[in-house]
Each structure stands twice: as C-alpha cells, then as structure tokens.
Amino acid sequence: MARFEIREEFYLNQQPFKILSGAIHYFRIQPDDWYHSLYNLKALGFNTVETYIPWNMHEPIKGQFDFEAILDVEKFLQTAQNLGLYVLLRSSPYICAEWEFGGLPAWLLEENMRIRSSDPAYLAAVANYYDELLPRLVPHLLENGGSILMMQVENEYGSYGEDKEYLRAVRDMMQERGVTCPLFTSDGPWRATLRAGTLVEDDVFVTGNFGSKAKENFAQMQEFFDEHGKKWPLICMEFWDGWFNRWKEPTVTRDPEELAEAVHEVLQQGSINLYMFHGGTNFGFMNGCSARGSIDLPQVTSYDYEALLDEQGNPTPKYFAIQRMLKKYYPEYPQREPLVKETFELKNIPLSEKVSLFETLEDIAQPIESLYPMKMEELGQNVGYLLYRTQAEWDADKERVRVIDGRDRMQLFVDGNFITTQYQTEIGQDIFVAAEKGTNHTIDILMENMGRVNYGHKLLADTQHKGIRTGVCKDLHFMLHWNQYPLEFKNPEAIDFTKEWHEDQPAFYAFDAELKMLKDTYLDLTNFGKGIVFVNGVNIGRFWDVGPTLSLYIPHGLLRIGNNRIIIFETEGKYSKFIDLVHKPTFKPIKGDKL
C-alpha cells in the first residue's frame, strides 16, 4: 500500500519526496480542458496538483448538491492520477480563491449563525456538506489507491480568527468520515497568523503562503516550528506567481526570470505549490470581491492570474523560464514538450434579434410580491441581478427618490426611461425625477450583485446581503407594494425575442454563428457597456467597458459544430450590430498598465 508521511522531510513510500505542485481549479476550467492543463503541469517536471473545492458550487441551494460536469471533482482527481500526479486537496469549507464569498454558499446568510466559527448552527451546515462531499473523496486517498497526499482543514484562518474549537471540529468531521491522510492548515508565515490559525499543538501540519523572500518567510515558519518542538519540512502552499485583477485597475505583471529565481529560492529550502499554475475563468457570477474600507472592489471574470498557463491553458514565458531553471538545478525531474491549443477568429457576426429586459421580464422571472423590498437572499437568490418594481403617484412636478441601503449597483428607471446609476457608496443619495403630477408612474430599480468579498472580516459584514436592504423613499416616506424579479438567468432560452426593444434600456442581443471547427476563441466586447454573456445557454461571465479586460474567453467545450447562439445581456444601452470572435483577449490600457 502506498504511503505518504510527514517527518523531518516528506516521505513517499519510505523515500524522501519533494513536492512540486501547481494549482489548477477544476471549477474554473471546462472538463474538456482538464487533461490539457494537468498534462502541462506534468510536462514541466512537477509531480503534484493542488485544487480547492468550492462549497457554494456543490451546494448552491441548501440540501441540493451538484457533482456533475465542471463540478465532477472525482473525474478531475482520476485524470490527475492517470497522468501520474499526486494531489493536495484543499477541501475546507472556506477557500478564499478570489471566488464569490470565498466559496461559502450565500444561503448561509439567511441562517442564524456565525460563519467560520464553532457556532453549532454553522458546524451543522458544514457537517451536512461533508456528509455528501467526503465519501466522494475518501476513495481517492493515496492509501485507498488514489493519489491524494494531504487535505486541508481550514484556509488562512489565522488572518480571520483564532477559534481553535472550530478548527478541531472541522478536523474531527473529516476524520470521522474516513479521511486518514495527513491534514494541514495554510496561513501567512508570520507568528501571529500561525499562532491563531493552526493546530500545531494537535500535530496538524502547518504550511505558509507567500510570493517572494522565501528565506525570510521560511525562517519565520522554522522559528514557529522550533518554538513548538516540531521537526517538519517547509512548504509554501501558495507561492503567488502572479495576481488577480479588479475592474478599473491596471493588470498585474511579474518578470518571468525573477519569478524563476524566486521559485528556485523556495526549492533550495523546501517544497512548493505554485498559485496559480493555471488560473482559468470565473464563469457565471462567481468572481470574488476585495474589501477596501467602505468599498468592495469586484474582480474581473478572467482569472488568468498571469500564471504559468494563460487563461486558455497555454504556456506563457513564465512556464518556460521555470522550465529552464528546473533543467539547470533539478535535472532529476523529467520534462516533456507542453501541449498548445489553437484559437480561431470569426468576425462580423451579425445581430440576429434583440429585446428589452422589461418587455420579456415575465418570461424569464416570476415576480415575488412584498410590502417592502426584500433582500436577494430573502428571496432565495444567491447571485445575479434583481429587478424591483412598484407604482407610485407623483405629488409634485419633481420628486426626490432615494434607495436606502442597497448593494452593489443600482439603475433607476421611471416609466421605462433611464434616470441614473448609483454604485455602492453613492446609493442613498438624492435623485430628483420629473414626471406628471397626480398620476401613477412605474418605478423599476435594477440591482446587480457584483460579487461578495472573499477574504477578511467583511465576510461577516451586512454588505454581503445584496439587493435593496431597507427600502425606497419618495419624498420622505418609504414606498410600498413591490414586485421583485430574481434574475439569475438559469434559463436564457426563455427570453422572448419576438417582443419589442427600446433604446437606453437593459436588453438582450442574440448573435448566431455557424461553426465548422471547434477551437477556443475570445469574444471582443469593446462596443458593449456592461453585462454578461451566454454561449449556448452557459453564462461565461461578466464584462464591463471600464477595463482592464474587454473580452471574454470561450473554451471550445462550450461550442458545437453548426449553429451557436451567443446572447449578450447589456445594461447600459450600448451595443453593436456585429460581434467579433478573436484569437487573443482584448484589453483597455489603464494608467500604470504594463501591457
């Protein structure tokens, strides 16, 4: 029976073993491309793959689980094993990962609990999740014939809390459900986070996360080990080789040769997991959000991360720089030629049909009535958009309207006419609307959940409840009798394009492309404002003309021979009668950008 041990070194089948790992998140890559990415990891000379597991994808609705298609984690693990790769599995309830709500399901917000704590209600939710998840993973442990070396208890908990009762409860849940492999935590490498976030006193293995200065960071970890009498090997569980991007900000870059030397510095002292090896894509509404003071800063759809493989999965200059470094210093790790996928281009695809959101609203969403506006989570909705509608009589030629306490982005329409847009801290400011006095007018408020924070204390903040959270005032009083239309767009085929289109309204634009080949491509959205895109019914993510990205990646696995329908939901009234599929991603230069 194969065996992995943690002593003064890592041992695999009684032989010293250096972990050369790269992060590949199966849920950010279409299943057709798992082999491609994993092969390229093996071809670099690496021996292990790391992946998170996102609770919010596997249990999007309380008690309803999904392990199919892009969520078939067992198939991903088997593909890795077939290629001779071992696995570091980060199956903790919280993952961060620049992922919507750090991987926590939004329905937890409607439960009376404190997340990431020893609160019995939260632990019960984790236990129910693990009852479904862990039996699928245990057969893939190394000792059971699979290739999982270690599994994670919690992720960067030392940057959040110090509730050791919680950490022990998660550990116990894992072991009670058959997890017999070594367990670990991962935290910042300094003493405060290691003291707060680890179970070093219980012999749970400790790893650190950093992206440079390996000697200094490993020295801090070694000091912590010595303090607790631990003779453990050193490993950087997240060596950040790039970084994620946020809207309106320049893309982040790192010199390939400098990175290669920094990786060498790690390997001279210990083992490594490159974060990311292949970043992939935040499909759908799954992008995370950074917290900065009172502002939440949503991240873009692409999770390219400027990693060793680009968003498509092809080698970048960083890949080849590390390849050269390994050949020079570590020739014992065999390398192969990496796989490279092609892209295709198809320009001037004409607009087939279009329709305004307000016209087809009843086709795609069932209204929920309430006296006062309800929050998104109260309506059983996790992500996407939410339209609020009511009728109100104007008591003056110009009325003051205010949305009280809403998140994240609001567009106000009166009688179908666009009035204004407000974003986060602007929401609540006075809006003066002229309309005929003494008559009723239709008020529509389109709220967009732009992504929940994925890290830090704001996971507990009320700002993570989305939609209108208090009410809407006209003059000085709250308005009543609202219809709410949840817009997660789970069934875009229901859009009725036979209805009318109106200027300056949110609308759907359908384009049909006949394809004779299946290759990857990028949809150039330069001429559109803000919204999301569906390819053959699949939501491939958000776009926004503020940049830095102006395109969306379309993997070949979402395309088909023959007709392919691309539907663009655009909220700003900005569109084009033609779209282009192009070979490479499109960017908007932003001051400070190195592109």
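The model is predicted, so local features need pLDDT of at least 70 and side-chain atom pairs count only at pLDDT 80 or more, while totals for chains, interfaces and linings use all residues. Residues are numbered from 1 along each chain as its sequence is written, and side-chain values use heavy atoms, with hydrogens and water left out.

An automatic or database domain assignment sets the domain bounds, and the chain is divided as follows.

| Domain | Residues |
|---|---|
| domain 1 | 4–243 + 251–278 + 310–330 |
| domain 2 | 346–355 + 491–582 |
| domain 3 | 357–487 |

The centres of domain 1 and domain 2, taken over C-alpha atoms, lie 35 Å apart, and their contact (heavy atoms within 4.5 Å) takes 6 residues from domain 1 and 8 residues from domain 2. Between these two domains about 670 Å² is buried, with carbon and sulfur atoms giving 54% of it; buried area is the accessible area (1.4 Å probe) that two parts lose on being put together, summed over both. Of the area that domain 1 buries against domain 2, Gln30, Glu311 and Gln312 supply 60%, more than any other three residues.

The count of salt bridges between domain 1 and domain 2 is 0, where a salt bridge is a side-chain nitrogen of Lys or Arg within 4 Å of a carboxyl oxygen of Asp or Glu.

Thr316 counts as buried because its relative accessibility is 13%, and buried means under 20% relative accessible area (1.4 Å probe, protein chains only). Leaving aside residues up to four places away in sequence, Thr316 touches Ala307, Leu308, Leu309 and Asp310.

How values were computed:
Buried means under 20% relative accessible area, exposed over 50%, partly exposed in between (1.4 Å probe, protein chains only).
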